[in-house]
Amino acid sequence: TAPSLWDLRNLFQVNVEEGRHLWAMVYLLHRYFGRDGRDEADALLERNSGDLDNPRILGAFNEQTPDWLSFFFFTYFTDRDGKYQLASLRESAFDPLSRTCQFMLKEEAHHMFVGATGVGRVVQRTVELMKEHDTDDVRPHGGIDVATLQRYLNFHYSVSLDLFGAETSTNAANYYAAGLKGRYHEEDRNDDHQLKDDYRTIATPDGDRIGEREVKQLTA
């Protein structure tokens, strides 16, 4: 069942578009990378979310989405990483990939909208019921209590944050140096891609507090 026909339509649209994103990557691998590309495309299509023998590579995509609140939080948080990754790949020197990602970014914005409006409606209803019945326990009145919302938020935020990768990443640096990926909002940066002697400050654990350290831009 769905909260509304509008929600049901959004669910189908998100699933169709995510499937199309997969097929777009499969097409690029088939079209431009010969036998190796076809083998990689087959591997993409064989990996299924939550499959015990052949799961998705990234853990966030193997988690269950058993209810609408999970779906709303998934599209609120996890699709933010999708936007970030697509925006980086849009800067790729490989033009077919860059153009494909530009198109997919428009769909990713809708997925995030579905999440933001979905979570917003649930929270709004929770607040209304709390005020109406003067209680934090809104479950008997058909609502979702704040403690449950917090647990969902903690879980989906954590597994989604992992998708962005490490603050300092050799893989990201290699992708950038090879021209496969750019940086998020590359067009807003004015360093002319000269990063060998560039440093940036990142947060880092320091005992029982959060400290800072400098790292080279090319590894960040």
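Helix α4 (residues 95-133) has 39 residues, which at 1.5 Å a residue should span 57 Å, and because its end C-alpha atoms lie 58 Å apart, the two values agree; the expected span is 1.5 Å times one less than the number of residues. The model is predicted, so that local features need pLDDT of at least 70 and side-chain atom pairs count only at pLDDT 80 or more, while totals for chains, interfaces and linings use all residues. Residues are numbered from 1 along each chain as its sequence is written, and side-chain values use heavy atoms, with hydrogens and water left out.

Helix α4 bends by about 25° at L105, where the bend is the angle between axes fitted to the seven residues ending at a residue and the seven starting there. Just after α4, D134 takes a positive phi of about 55°.

The protein chain as a whole has six helices and two strands, and along the sequence these follow the pattern α-α-α-α-α-α-β-β; helices (H or I, at least four residues) and strands (E, at least two) are DSSP runs, numbered from the N terminus. Taken along the principal axes, the C-alpha atoms of the protein chain fill a box of roughly 60 × 45 × 35 Å.

Helix α4 packs with α3 at an angle of about 155°, with their axes 7 Å apart; axes are lines fitted to C-alpha atoms, for helices over the stretch in contact, and angles run from 0 to 180 degrees between N-to-C directions. The two helices α3 and α4 are therefore roughly antiparallel, given that angles under 35 degrees count as roughly parallel, over 145 as roughly antiparallel, 65 to 115 as roughly perpendicular and the rest as oblique. By class, the contact of α3 with α4 has 17 nonpolar, six polar and five charged residues (Ala, Val, Leu, Ile, Met, Phe, Trp, Tyr, Cys and Pro count as nonpolar, Asp, Glu, Lys and Arg as charged, and the others, Gly among them, as polar).

Helix α1 (residues 5-32) and helix α3 (residues 68-89) pack at an angle of about 45°, with their axes 12 Å apart, and are therefore oblique to each other. On the α1 side the contact (heavy atoms within 4.5 Å) is made by D7, L8, L11, V14 and E18, and on the α3 side by W68, F71, F72, T75 and D79.

Helix α1 also packs with helix α2 (residues 34-46), at an angle of about 160° and with axes 6 Å apart, which makes α1 roughly antiparallel to α2.
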